[in-house]
Amino acid sequence: MKKPVNIDEYITSFPIEIQKLLEQFRATIKKVAPQATEAISYGIPAFKLNGMLVWFAAHTNHIGFYPRASAIKVFEKELSIYKGAKGSVQFPLDKPLPVRLITKIVKFRVEENLQKAKKK
């Protein structure tokens, strides 16, 4: 797949079932951080707000969510039921997206970036 120019192009490159999950993910982030701007970073959808906020991407069996290592650590307990790594988590395609958890994580990241911006 060639690098998409925007999130719309990224999403429409997937089958309709995956598109629905990606749009739900996007809408959740936009609802929590309406002031954030959309971008493509590392070839995947991302949001920026005083720096990079979060990324997400479709994979064969999951939607990857990349909210940085700090958020993974803070929400370690809630995320423990999912596969993941230091700065990422995998939400299986055959389960509903954990919208409330995604919302909490994005809120945390918004606050984290706003605090960082104040210190500059």
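This briefing walks through the fold, the nonpolar core and the aromatic pairs of the structure above. The model is predicted, so please note that local features need pLDDT of at least 70 and side-chain atom pairs count only at pLDDT 80 or more, while totals for chains, interfaces and linings use all residues. Residues are numbered from 1 along each chain as its sequence is written, and side-chain values use heavy atoms, with hydrogens and water left out.

**Overall fold**

- Five helices and six strands make up the secondary structure of the protein chain; these are DSSP runs numbered from the N terminus, with helices being H or I of at least four residues and strands being E of at least two.
- Along the sequence, the order of elements is α-α-β-β-β-β-α-α-β-β-α.
- The protein chain has a radius of gyration of 14 Å, which agrees with the value near 14 Å for a compact globule of 120 residues; the radius is taken over C-alpha atoms, and the globule rule is 2.2 Å times the number of residues to the power 0.38.
- Of the 120 residues, 45% are buried, where buried means under 20% relative accessible area, exposed over 50% and partly exposed in between (1.4 Å probe, protein chains only).

**The nonpolar core**

- The largest nonpolar core has 38 residues, and those touching the most other members are Tyr 10, Leu 22, Phe 25, Leu 53, Phe 65 and Val 106; such a core is a set of buried Ala, Val, Leu, Ile, Met, Phe, Trp, Tyr and Cys residues joined through side-chain atoms within 4.5 Å.
- Elements that each supply at least two residues of this core include strand S3 (52–58), strand S4 (62–66) and helix H5 (99–119).
- Strand S3 gives the largest share of this core, with seven residues.
- Leaving aside neighbours within four places in sequence, Phe 65 is in contact with residues including Phe 25, Trp 55, Phe 91 and Val 106, contact meaning heavy atoms within 4.5 Å.

**Aromatic pairs**

- Eight aromatic pairs turn up in a search of the whole structure; rings of Phe, Tyr and Trp (its six-membered ring) pair if their centres lie within 6.5 Å, with planes under 30 degrees apart counting as stacked, over 60 as edge-to-face and the rest as tilted.
- Tyr 10 and Phe 14 form a tilted pair, because their ring centres are 5.1 Å apart and their planes are at 55°; both residues are buried.
- Phe 25 and Phe 91 are also tilted, with centres 6.2 Å apart and planes at 40°.
- This second pair links distant parts of the chain, since Phe 25 sits in helix H2 (residues 16–32) and Phe 91 in strand S6 (residues 88–92), 66 residues apart.
- Phe 25 and Phe 91 are both buried, and together with Phe 56, Phe 65 and Tyr 82 they form one aromatic cluster.
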